[in-house]
Amino acid sequence: MEDLHSYGWYAKRVAKYMPKGVFKPVPVRLWGGLAYLSIVIAGLLIISLTNWHPLFYLPIALILGASFAGMGFLGHEILHGTVVKKPWIRDLLGAIAFWPLSTGPKLWRKWHNLNHHIHTQHEENDPDSWPTLERLSKSKFFRWIYKLPLVVRSFFAFSSLAIQFTAHSLKMFFAYIKDFKPKKQPEVCLQMILPWTSWIGLLFLIGWEKWLFAFFIPLLVANLIVMGYISTNHRLNPLVPVNDPLANSLTVTVPKWVDYIHFNFSHHTEHHLFPGMSSKHYPLVKEKIKTLWPERYHEMPMSKALLALWKTPRVYFDNRELIDPNQGHLYGSLGNGLNVEKVDYKKMKQ
């Protein structure tokens with residue numbers, strides 16, 4: 001970790017190998033968004049206007065959840081400016097894409113584009129980083145949580161993925177609303193309130209039984225899919241003083257058809273290297289990174305990354321290692337002794 005480089009250092013060395021035009025917006029990605037939006041509208045209409053047995057609505061709910069997630073992945077790309085450049089169109093399309101997840105475009109750009117991307121895996125400044133042992137010791141609740149066995153904590157942690165994106169989004173709203181200028185705050189509030197108003201309004205319109213299948217279950221499914229990626233993006237990596245995407249980020253591999261419908265969201269190291277490049281081109285970036293720095297690049301199947309998350313705690317000891325505070329067990333992080341093939345720990349020295 002002593003040999004860290006900024007994302008700009010890597011980007012400068014990779015960019016010269018990229019073909020011309022890779023940094024231009026790719027508006028054709030919107031066809032995927034239109035397909036998802038059409039599926040969502042159709043699913044909502046079917047559930048709202050029919051009177052089938054609830055079990056027949058379950059497959060529709062699952063499809064809706066997958067579509068909510070797909071729209072979120074596209075919204076992420078839109079709000080990075082890689083689909084359209086004009087600000088008002090970008091924000092409008094981003095708002096529509098994030099509508100099912102009820103996250104406003106201005107909040108997202110503040111929370112994700114600025115704070116997370118600029119301070120990735122910084123122990124204090126990254127809003128998405130997990131706590132250090134020092135921070136954990138200040139919370140009675142988390143001290144109590146970490147007295148539970150690791151397998152119990154892992155079970156509840158994985159179960160909570162079904163609500164984590166929604167919960168974290170609300171947390172970020174309250175964390176950052178005061179950072180916006182007073183004239184902008186009403187707009188940021190409106191972008192958060194309007195989606196929730198529409199979904200709660202739908203509840204009163206169609207009743208709670210249908211609403212469970214039209215929104216609640218799909219939202220849980222969408223959270224699971226989105227957090228399945230987000231939980232592997234950085235949580236096995238160390239905290240770092242320099243925003244080095246090869247040290248602080250992980251790319252996971254999924255079937256090609258999944259990459260297609262999820263807009264290459266699996267290519268996360270590549271995204272942190274070139275957040276202003278359409279994810280359409282990330283396979284080219286991956287190929288060049290693996291040629292230039294094969295020993296530094298972190299990549300594994302998503303299933304393997306999730307299993308490693310299950311077997312390791314989420315508290316940092318010295319930025320490089322993860323610790324189970326109650327047991328005093330130390331686990332490595334990626335690039336710092338973590339072997340995902342055989343996750344093991346060592347005892348903390350007294």
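Are glutamate 77 and arginine 29 buried or exposed?

Modeller: Glutamate 77 and arginine 29 are both buried, where buried means under 20% relative accessible area, exposed over 50%, and partly exposed in between (1.4 Å probe, protein chains only). This is a predicted model, in which local features need pLDDT of at least 70 and side-chain atom pairs count only at pLDDT 80 or more, while totals for chains, interfaces and linings use all residues. Residues are numbered from 1 along each chain as its sequence is written, and side-chain values use heavy atoms, with hydrogens and water left out.

The side chains of glutamate 77 and arginine 29 form a salt bridge at 3.2 Å, N to O; the term requires a side-chain nitrogen of Lys or Arg within 4 Å of a carboxyl oxygen of Asp or Glu. Glutamate 77 belongs to helix 3 (residues 54–78) and arginine 29 to the loop between helix 1 (7–15) and helix 2, so the pair ties together parts 48 residues apart in sequence. Helices (H or I, at least four residues) and strands (E, at least two) are DSSP runs, numbered from the N terminus.

Of its 13 lining residues, Arg29, Asp259, Tyr260, Ile261 and Phe263 are the closest to the centre. On a 1 Å grid over the protein atoms alone, a pocket is an open set of points where a 1.4 Å probe fits, with protein on both sides within 12 Å along at least five of seven lines; lining residues have an atom within 4 Å of a point. By class, the lining has seven nonpolar, two polar and four charged residues.

The salt bridges number 13 by the stated rule. Among them, lysine 286 meets glutamate 299 at 2.8 Å, N to O. This pair links distant parts of the chain, with lysine 286 in helix 15 (residues 282–292) and glutamate 299 in strand 2 (residues 299–301), 13 residues apart. Lysine 286 counts as buried because its relative accessibility is 14%, whereas glutamate 299, at 29%, is partly exposed. Glutamate 299 also meets lysine 290 in a salt bridge of 2.9 Å, N to O; lysine 290 is partly exposed at 38%. Elsewhere, Arg90, Asp91, Lys106, Arg109 and Glu187 are linked in a network of salt bridges.

Terms used:
Nonpolar A, V, L, I, M, F, W, Y, C, P; charged D, E, K, R; others polar.
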